[in-house]
Amino acid sequence: MAKPIVYVARRLPDVAVRMLSGECEIRQHQGELPPTRDELLAGVARCTGILSLLSDRIDAEVMDAAGPQLKVISNFAVGYNNIDIEEARRRGIAVGNTPDVLTDATADIAIALLLAVARRLPQAAADARQGRWKTWEPLGWLGIDLQDRTLGIVGMGRIGAATAQRMHGGWGTRILYTSRQPKPEVDARFNARHVPLETLLEQSDFVSLHVPLDGSTRHLIGREQLRRMQRHSILINTARGEIVDQDALYEALRQGQIFGAGLDVTTPEPLPPDHPLYQLDNCLILPHIGSATDKARNAMAERAAANLLAGMRGQPLPFPVVQPPVEAGPSTERNGG
Ligand code: DGY
């Protein structure tokens, strides 16, 4: 019997192909860049499974292009805003993601961004390299201390909690947070306080974003929210670019309304090199490297392949976002952050 076909949208750590090759015919996009829309639509034809990346928009058109035998979409990411979840649910297509295994790597990048912006590392390093380091400067490259500060975590999920743990454990930072419900275990662990977003913005020295992107979080941080932040405060975003109104952020940074921003995610991605945000000394931009460690990416590949295999076999996904009722009882949904 012919093996079911899976479309793999990019080259991934070897473990994914090793796990899939016994049971599937693998159709893998080989380019360094994501498949174009046409390549994606052609690539998924007759597939039973799709292994997608956060840069691949998987919507009704793609599901139609795959055909009625499509059983599972497995995202190589914890976030799944690139997938039309309602459409998949309506069609009875399982959707999986890769939670937990990138939590530490992403929290580390949030802290790295915070330290780098607070101590103005990009400017200092550029000045050293470009010959502007003339002497030890009593008044040069002055940054912000981390001691005796308050960190506001917007979205106290796995990555938010790992970021809070690093700051609270390392610098004794006070923790404020938002989440749908207060989390007593978080309050106890970090001596944290659940507060409305407005309070968090007004009372935090540092604000780190960890909510999933959906209709309720797009531009959650805009002009009005930035105005509430303190002049010495720093905004960190390792979640999704669209959570921040980037034009409003540019203005706030340019006018010195906040001290700085560290962004691992932007709108769009990649952010074009001539984007005005790159011109600002107080904004550090990384190319979405939160999960970019060997360990995290290998584990993500294993989870993505395990989801794909389970979905193709008609078994419950080990890491489900949408689990069709016909396969495994009532549908369940898990938070992407
Ligand atoms: C995710 O998994 O959603 C991350 O953004 C990828 O690093």
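**Cis prolines.** I started with proline 268, which sits in the loop between strand E11 (260-263) and strand E12 (283-285). This is a predicted model, and I kept that in mind while going through the backbone. The peptide bond that joins threonine 267 to proline 268 is cis, with omega at about -5°. Then I looked at proline 270, which is also placed in the loop between E11 and E12. Here glutamate 269 and proline 270 are joined by a cis peptide bond, and omega is about -10°.

I found aspartate 100 in the loop between strand E5 (94-96) and helix H5 (103-118).

Arginine 120 belongs to the loop between H5 and helix H6 (121-129). Its relative accessibility comes out at 26%, so arginine 120 is put down as partly exposed.

**Alanine 118.** While in that region I checked alanine 118, which is in helix H5. Alanine 118 has a relative accessible area of 0%, so I noted it as buried. What does alanine 118 touch, leaving aside neighbours within four places in sequence? I got Gly143, Ile144, Leu146, Ile234 and Phe259. I also took a distance from alanine 118 to alanine 42: they are 76 residues apart along the chain, and their C-alpha atoms are separated by 47 Å.

**Ligand site.** I listed what surrounds the ligand: Leu54, Ala77, Val78, Gly79, Leu102, Arg240, His288 and Ser291. By class, I count four nonpolar, three polar and one charged residues in that shell.

For glycine 79, a backbone N or O atom lies 2.9 Å from a ligand oxygen. With arginine 240, a side-chain N or O atom is 2.7 Å from an oxygen atom of the ligand. For serine 291, I again read 2.7 Å between a side-chain N or O atom and a ligand oxygen. How much of the ligand does the protein bury? The ligand taken alone exposes 230 Å², and 92% of that is buried by the protein.

**Nonpolar cores.** I moved on to the largest nonpolar core, which has 48 residues. The members that touch the most others are Leu20, Leu51, Ile58, Ile73, Phe76 and Val95. Helix H12 (residues 294-313) gives the most to this core, contributing nine residues. Apart from this one I found another core, of 29 residues, including Leu176, Leu235, Ala252 and Leu253.

Not counting residues up to four places away in sequence, leucine 51 touches Tyr7, Val8, Ala9, Leu12, Leu20, Ser74, Phe76, Ala304, Ala305 and Leu308.

**Serine 74.** Buried or exposed, I asked of serine 74? Serine 74 is buried, because its relative accessible area is 0%. Leaving aside neighbours within four places in sequence, serine 74 is in contact with Ile50, Leu51, Ser52, Gly96, Ala304, Asn307 and Leu308.

How values were computed: Residues are numbered from 1 along each chain as its sequence is written. This is a predicted model: local features need pLDDT of at least 70, side-chain atom pairs count only at pLDDT 80 or more; totals for chains, interfaces and linings use all residues. Side-chain values use heavy atoms; hydrogens and water are left out. A nonpolar core is a set of buried Ala, Val, Leu, Ile, Met, Phe, Trp, Tyr and Cys residues joined through side-chain atoms within 4.5 Å. Buried means under 20% relative accessible area, exposed over 50%, partly exposed in between (1.4 Å probe, protein chains only). Helices (H or I, at least four residues) and strands (E, at least two) are DSSP runs, numbered from the N terminus. Contact means heavy atoms within 4.5 Å. A residue is near a molecule or strand if one of its heavy atoms lies within 4 Å of it. A polar contact is a pair of N or O atoms within 3.5 Å; within protein, one must be able to donate a hydrogen and the other to accept it, and residues adjacent in sequence count only if both atoms are side-chain atoms. Accessible areas come from the Shrake-Rupley method with a 1.4 Å probe; for residues, only the protein chains shown count as cover. Ala, Val, Leu, Ile, Met, Phe, Trp, Tyr, Cys and Pro count as nonpolar, Asp, Glu, Lys and Arg as charged, and the others, Gly among them, as polar.
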